[in-house]
Amino acid sequence: MMEGTPVKFRILEFLENGPKRTDEICFALCKEYPGYDTDYGRAKIKFDCIELASAGIINEGEAVIDEEGKFQKGKLLIMYSISGLGKEYLSYLKETVKPQKV
């Protein structure tokens, strides 16, 4: 586990176990990172996912509108999965990045 590393690294590690939706990613990481359990913190995690997808490190899958308000009513919930490039990058990170003591 890469606790204490930047959020983007943890997103990759979280997706290593299979595809996850936006709400699953955000709720899991909000518990781990102090100050992220707010609308602003969750928005930062969502933006990190968008950046990782635009770099080809994770893939975007099915998108549904959050009609029930599980996460953010009326907003998209996107299914993300780790790409081949992301798996290679995560392997490299696990070997080289040392978690910070929190």
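Modeller: Let us begin with a term: two residues are in contact when heavy atoms lie within 4.5 Å. Please keep in mind that this is a predicted model.

Biologist: Against which elements do the buried residues of α2 pack?

Modeller: The buried residues of α2 pack against α1, β1, α3 and β3. In helix α2 (residues 22-32), these buried residues are T22, D23, I25, C26, L29 and C30. Viewed down the axis of α2, they fall within an arc of 160°, so they line one face of the helix.

Biologist: How many residues of α1 are buried?

Modeller: Seven of the nine residues of α1 are buried, so this helix is mostly covered. The buried residues are V7, F9, R10, I11, L12, E13 and L15. As for their partners, the buried residues of α1 pack against β1, α2, α3, β2, β3 and α4 (84-96).

Biologist: Which residues of α1 and α3 meet?

Modeller: On the side of α1 they are V7, K8 and I11, and these meet I45, D48, C49, E51 and L52 in α3. The residues of this contact of α1 with α3 comprise five nonpolar, no polar and three charged. Of the α1 residues named here, V7 and I11 are also among the buried residues of that helix.

Biologist: Let us turn to the strands. How do strands of a sheet pair?

Modeller: They pair through backbone hydrogen bonds, either parallel or antiparallel. In this model, three strands form an open sheet in the order β1-β3-β2, with antiparallel pairing. The edge strands are β1 and β2, each of which pairs on one side only.

Biologist: How many bridges join β2 to β3?

Modeller: Six bridges join strand β2 (residues 58-65) to β3, and the two run antiparallel.

Biologist: In which sense do β1 and β3 pair, and over how many bridges?

Modeller: Strand β1 (residues 20-21) and strand β3 (residues 76-82) pair in the antiparallel sense, over two bridges. There, R21 stands opposite M79 in β3.

Terms used: Residues numbered from 1 in each chain as written. Predicted model: local features only at pLDDT ≥ 70, side-chain atom pairs only at ≥ 80, totals over all residues. Heavy atoms only, no water. Helix = DSSP H or I, 4+ residues; strand = E, 2+ residues; numbered from the N terminus. Nonpolar A, V, L, I, M, F, W, Y, C, P; charged D, E, K, R; others polar. Pairing = 2+ DSSP bridges. Buried < 20%, exposed > 50% of the residue type's maximum accessible area, 1.4 Å probe, protein only. Arc of directions from axis to C-beta.
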